[in-house]
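Subject: Handing over the structure

Dear colleague,

I am passing this structure on to you, and the sequence and the coordinates follow directly below.

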Amino acid sequence: MSLVSRLRDLVDIRSSSRPVAAVRVVVGLAALAKALATVGPLERLLDPAVLRLPYMGWLPVFDPFAVAGIWVLSALAFMVGWRTRWAGSALTLVMAYVLALDQQMFSNHLYLLVLLCFLLTLSDAGGFGSIDALRQGRREEIPAWPVLLMKFQLTMVYGFGAIAKLNDSYISGSAIMAGLRRDGFFPVPEMLREPRLMVALAAASILAEIILAGALWSPKWRRSAVILGIGLHAGMILLLDPVVEISIFAAVTLALYFLFWDNSDSAARTLEDPREAALTATSPA
Amino acid sequence: MAKSPDLTADVTRRWSPKSVAAAVVIISYVAIQLIVATVGLMGPRPGRFGWQMFSSVNSSSRWAIELTDGQVRKIDVARYTARPRWDVPYQKALPAHLCRVIPGALEVQVNRDSESKVMRYPCP
């Protein structure tokens, strides 16, 4: 079967709306938290004493509170699933605007939120567990391809995260040592700041990310992968700074695990025989 | 081997504008993600948009500025940046900015922990 036919079948496959609804709620909550954490840096960009490093000089810096207001309202609407497509579009645009505003506004979790919000909006994420579903009736099935792209995105995060860490600075434990929390919420005790422990943590985290990139796709290894993923992210939250940003990243990343639980057999069939999967998916139950 | 009528019908399914748009999004998304992340691996780490979280740490730098009256003042980089980040090349743009916003600035001095010599950026 040609790639074009496979692609055509992939476009037609449907997926359950339930796990996508769970991801939508978590992404909405995470976006809300990120909005509150971003007002300060946005305000600082208006200070003439602060360096500006714009990607596009023509992009204006709007009032930080207006930006944050739109961000918060659209995140709330997206989370509860009220006019989900509009809310998702507004949320994607406002977060993309902030990301594009200045090099200093970049963070991996904001970038991930923009991408996921975009894919959730395309996937009809308000089909279940939402105000839209209450008003217009729930939709049990939604297009599967945005769900597949979100799963692919998670694999990208873990896979390239692991590959990028294969360098002296990370393997020597220096990067983890520099990121260890020194004050605030549970600072890491001095006795744990041991170089050999940092090397072990560095090796373990690379291995965990490599395993997670592949194992979540395997029905056999999925449960073990979930435990490993929870352990990896809990460890990061306990040890590293900035804790709010790392927690947002962990919540969003772990929420994506739900997607691997539903329709995974159908996704697997797609890769083996997309035509049969499409026929099965479109036939009445 | 003869094809079953069902499969033939399936193969000849038409592409609607909606399905073409979906296919374009799928291909573009996967291609952009793979290309950007792969290109990112060829540059310094940590880079942006390549999923290089905590992948490397730059040696910390101490910044100072020499004023026209001969005084040398320590600079807190956080005061002059929106949000200090490892993946932002401050050494390129910050000296010129400091010269601009600090009255009487003569020279910006950067002392990286990994290097013994002090980098000096004379103000224009």
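Across the interface of chain A and chain B the rule finds 1 salt bridge, a salt bridge being a side-chain nitrogen of Lys or Arg within 4 Å of a carboxyl oxygen of Asp or Glu. The two side chains that meet in it are those of B:Arg79 and A:Asp47, at 3.6 Å from N to O.

Before going further, please note that this is a predicted model, in which local features need pLDDT of at least 70 and side-chain atom pairs count only at pLDDT 80 or more, while totals for chains, interfaces and linings use all residues. Residues are numbered from 1 along each chain as its sequence is written, chains are lettered from A and ligands numbered from 1 in the order in which they are written, and side-chain values use heavy atoms, with hydrogens and water left out.

The interface

In total, 58 residues of chain A are in contact with 46 residues of chain B, where contact means heavy atoms within 4.5 Å. The area buried between chain A and chain B is about 4800 Å², and carbon and sulfur atoms give 67% of that; buried area here is the accessible area (1.4 Å probe) that two parts lose on being put together, summed over both.

Across the interface of chain A and chain B the rule also finds 24 residue pairs in polar contact, both residues being at pLDDT 80 or more. A polar contact is a pair of N or O atoms within 3.5 Å; within protein, one must be able to donate a hydrogen and the other to accept it, and residues adjacent in sequence count only if both atoms are side-chain atoms. On the side of chain A that touches chain B, the largest share, 10 residues, comes from H7(A), with helices (H or I, at least four residues) and strands (E, at least two) taken as DSSP runs numbered from the N terminus.

Strands of chain B

Strand E1 (residues 61-67) and strand E3 (residues 105-112) of chain B pair in the antiparallel sense over 7 bridges, pairing requiring that DSSP finds at least two bridges between two strands. In this part of chain B, B:Leu67 stands opposite B:Ala105 in E3(B). E3(B) also pairs with strand E4 (residues 118-122) of chain B, in the antiparallel sense over 5 bridges, and B:Gln109 stands opposite B:Arg120 in E4(B).

Salt bridges

By this rule the count comes to 12 salt bridges over all chains. In one of them the side chains of A:Asp124 and A:Arg139 meet at 2.7 Å, N to O; this pair links distant parts of the chain, 15 residues apart. A:Asp124 counts as buried at 15% relative accessibility, whereas A:Arg139 is partly exposed, with a relative accessible area of 27% (buried means under 20% relative accessible area, exposed over 50%, partly exposed in between, with a 1.4 Å probe and protein chains only).

The side chains of A:Glu209 and A:Lys165 meet in a salt bridge at 3.1 Å, N to O. A:Glu209 lies in helix H10 (residues 195-215) of chain A and A:Lys165 in the loop between H7 and H8 of chain A, so the pair ties together parts that are 44 residues apart in sequence. Both A:Glu209 and A:Lys165 are buried.

In chain B, the side chains of B:Glu107 and B:Arg120 meet in a salt bridge at 3.0 Å, N to O, with B:Glu107 in strand E3 and B:Arg120 in strand E4.

With best wishes
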